[in-house]
Amino acid sequence: MNYIPNIISGLRILLIPVFILLVLNKSYHIAILIFLIMGATDAIDGILARYLKCESVVGGYLDALADKIMINTSFYMLCYIDILPDYIFYITLLRDIIIITGTALNHYKNPQAVNPIFLSKINTFMQFTLVIFCTLFLANIVHLNYMQDIINAVVLTTVFSAIEYIYNYRKSFLYKNIKKTSQI
């Protein structure tokens, strides 16, 4: 039972190529369903981990990694087919590199579970919404009326969450260095 949340996160990673192939083959209705399933697995694995009391450091990293792969791959694909502007992919990728680098450095000095900030959760939701909206547009279900608003929200939450992560990492490193020098 303890591995179920990690298996669900792994399933999300395995569904990413399926989503990409469906978009490339213009099977947009099924692609929407697959992406919704991937989004649902993001919520379900966290809920199950808390409910089954099997939260783990590995599970936290796997869940975060699955989210980053899912969003960045989806954004890349949507930029590739000219639905999204390229800067969305680059901003998101840069933010995720900052998060991964900061987390790796922090984990190296002080191994602990991954705790996403609240703004990051909003950012993930907005990114998910943008991918769904783009896929709905490709399937001729919605019009472009709100596309720029969603893009703006993604850019803002991406940039501000990156800044908050940088601030938190810097504060964490400074605190650890002050703590070490005060013990000498």
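Predicted model: local features only at pLDDT ≥ 70, side-chain atom pairs only at ≥ 80, totals over all residues.
At what angle do H3 and helix H5 (residues 118-138) pack, and how far apart are their axes?

Residues are numbered from 1 along each chain as its sequence is written, and side-chain values use heavy atoms, with hydrogens and water left out.

**View 1. The whole chain is made of 6 helices and 0 strands.**
Helices (H or I, at least four residues) and strands (E, at least two) are DSSP runs, numbered from the N terminus. Of the 184 residues, 39% count as buried; buried means under 20% relative accessible area, exposed over 50%, and partly exposed in between (1.4 Å probe, protein chains only). A contact means heavy atoms within 4.5 Å. Among contacts in the chain with a separation of 6 or more, 77% are between residues 24 or more positions apart.

**View 2. Helix H3 packs against H5 at an angle of about 35°.**
Here is the reply to the opening question: the angle is about 35°, and the axes lie 10 Å apart. Axes are lines fitted to C-alpha atoms, for helices over the stretch in contact, and angles run from 0 to 180 degrees between N-to-C directions. The crossing of H3 and H5 is left-handed, a word used if the near helix is turned anticlockwise from the far one by less than a right angle, and right-handed if clockwise. On the H3 side, Ile71, Ser74, Phe75 and Leu78 meet Gln127, Phe128, Leu130, Val131, Cys134 and Leu138 of H5. Just after H3 comes aspartate 82, with a positive phi of about 65°.

**View 3. Arginine 12 forms salt bridges with aspartate 42, aspartate 45 and aspartate 67.**
A salt bridge is a side-chain nitrogen of Lys or Arg within 4 Å of a carboxyl oxygen of Asp or Glu, and the count by this rule comes to 6. For arginine 12 and aspartate 42, the closest N and O atoms are 3.8 Å apart. This pair links distant parts of the chain, with arginine 12 in helix H1 (residues 4-24) and aspartate 42 in helix H2 (residues 28-51), 30 residues apart. With aspartate 45, the closest N and O atoms of arginine 12 are 3.4 Å apart. Arginine 12 lies in H1 and aspartate 45 in H2, so this pair ties together parts that are 33 residues apart in sequence. The closest N and O atoms of aspartate 67 and arginine 12 are 3.4 Å apart. Aspartate 67 lies in helix H3 (residues 57-80), so its pairing with arginine 12 in H1 ties together parts 55 residues apart in sequence. Salt bridges that share partners join Arg12, Asp42, Asp45, Asp63 and Asp67 into one network.

Why does arginine 12 count as buried? Arginine 12 does so because its relative accessibility is 0%. Aspartate 45 is also buried, with a relative accessible area of 3%, and so is aspartate 67.

**View 4. Leucine 36 of helix H2 touches Phe128 and Ile132.**
These contacts leave out residues up to four places away in sequence. The C-alpha atoms of leucine 36 and isoleucine 132 are separated by 7.8 Å, although the two residues are 96 apart along the chain. Leucine 36 counts as partly exposed because its relative accessible area is 41%. Other residues of H2 are buried, among them Ile32, Phe35 and Met38, and the cover over the buried residues of H2 includes H1, H3 and H5. After H2 comes lysine 53, whose phi is positive, near 55°.

**View 5. Aspartate 96 sits in helix H4 (residues 86-109).**
With a relative accessible area of 4%, aspartate 96 is buried. Its contacts, leaving aside neighbours within four places in sequence, are with Lys68 and Asn72. The side chains of aspartate 96 and asparagine 72 make a polar contact at 2.5 Å. A polar contact is a pair of N or O atoms within 3.5 Å; within protein, one must be able to donate a hydrogen and the other to accept it, and residues adjacent in sequence count only if both atoms are side-chain atoms.
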